[in-house]
Amino acid sequence: MPISRARFMRSSALFLLIGLVALLAIVGATFWLAQRSEGISDTLTQWRIARAATVNLRNSLQLVETSQRGFLLTDDAQYLEPYEREVGRIAPLYGRLAATVQPLLGDRVDVSRFETAITAKLEEMARTVELARTGRKDEAIALVRTNEGKELMDEAQAFFAQTIEAADAQSLQGLTSQASNFSALRIVTLVGGAVILLVVGGSVWTALVYTREIMQARGEVEALNVGLESRIQERTQDLLRANEEVQRFAYIVTHDLRAPLVNIMGFTAELDTTMKTIQNYVLAEPGKASENDAKEAKLAAQEDLPEAIGFIRSSTKKMDGLINAILKISREGRRPLKPEPIDVKSMLENTLASIQHQIIEDDGEATLDVAVPRIVSDRMSLEQIVGNLLDNAVKYSAKDRPLRLRLKAERKPGNRFTLSVEDNGRGIAEQDHERVFDLFRRAGTQDKAGEGIGLAHVRTLTRSLGGDISVTSEFGRGSTFTVELPLDLRTVVRSEV
């Protein structure tokens, strides 16, 4: 379906609107997903910091406890080096832990209670170390055996485990949310990209179709311009050719009609002389007519008079035949054409069947080769054209060989087709190729009856159908008459005279 300018504008506006909506949707979804991803990333970072603070405090507290117990067991001051180094870091580590964990855990964990437990544990370890340094190792060990320090450490370990477990769970949940976020972003990107590609593809397709139609229309206009010039030239050539034919036709008609008239005039003068001879004898006074006058009158009445009347009668008959032939061609040229669908193959088979018996009697054969679709033309004119050509082929067949006829129809460029009749008959001399189409003109030996109007009639019919006829022939070998016609007579502009 052709794309109009208004439809092209509407389609372009629709595609642009769809593309804009898709782009806004992609940008909005991407911005929201990016914000969500940033929030998840911030939460994950906070939980990782809280977990790291928890692990650092736990490791530091365990290192202090291990150093304290090693000193109590060995009385070796070297075991106190980790204790003295780490005990001062616990307070800052706890402060960092409390600052990061409290906002995350909220009311789920009592951080102040945990602070009390750590403080009590540090005081317990400090007392045992001090007792051991002052030589009261037994009191220090007895203090450890009260399990007060163990209970405080167990409480701290439980807090550490709870915090680390919560951090790991939140990290896993955050990673899952992040993966889901990335999947959603990927889907949005793919769907949005597909929509944009469809919009771009649709816009490009619409533009290409519209551009192609514009180029096609421009090409048609250019072709029409070129065709118009060509048709003007063709019409000019047709008019020149028609003018030449009219002049040649006028000459032929004048010449061929003048010959009988000259005969009639000559024999009319002879009749006048003959009548005078008879009158001299008949009107003479009785007894005065001489024997010679009687003899001459008798000769004129028996020979001269019948001969003159016979020649006059044959000349007028010839003139009547010529005039009837002219009228026939004139009527065919003005007959209204009736375009109708025609199956060329069926039409040729029927026309060929009408002369098949003549071909068989001469041991000849005819072949048919049709490669054209159904045409629209004037059936009567077409049948007359083919019939005349087939009649000529049979009439002027060679006496020394059987007739071979070939009828061929094929399609040609420009919605036209050709119909050719090829025979192996007498052929036509090259100088007579154009002459045979003239009215009252015949070529070769005149041993067959005819007036020389058949091919002239065929050419008149052919041109009235918007076509033309040509001949290729070699004397003694055969002839091929080719008729070129339009596939549809309705496309032909016929001049009315």
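Analyst: Here is a walk through some of the charged pairs, one at a time. First, the ground rules: this is a predicted model, where local features need pLDDT of at least 70, side-chain atom pairs count only at pLDDT 80 or more, and totals for chains, interfaces and linings use all residues. Residues are numbered from 1 along each chain as its sequence is written, and side-chain values use heavy atoms, with hydrogens and water left out.

A salt bridge here is a side-chain nitrogen of Lys or Arg within 4 Å of a carboxyl oxygen of Asp or Glu. The search of the whole structure turns up 17 salt bridges.

Let's start with arginine 463, which bridges to aspartate 468 with the closest N and O atoms 3.3 Å apart. Salt bridges with shared partners also tie Glu65, Arg69, Lys121 and Glu124 into one network. Within that group, lysine 121 and glutamate 124 meet at 3.5 Å, N to O. They sit three residues apart in helix H4 (residues 111–133), so about one helical turn separates them; a helix is a DSSP run of H or I, at least four residues, numbered from the N terminus. Both of these side chains' residues, lysine 121 and glutamate 124, are buried, meaning under 20% relative accessible area, while exposed is over 50% and partly exposed is in between (1.4 Å probe, protein chains only).

Methods
Helix = DSSP H or I, 4+ residues; strand = E, 2+ residues; numbered from the N terminus.
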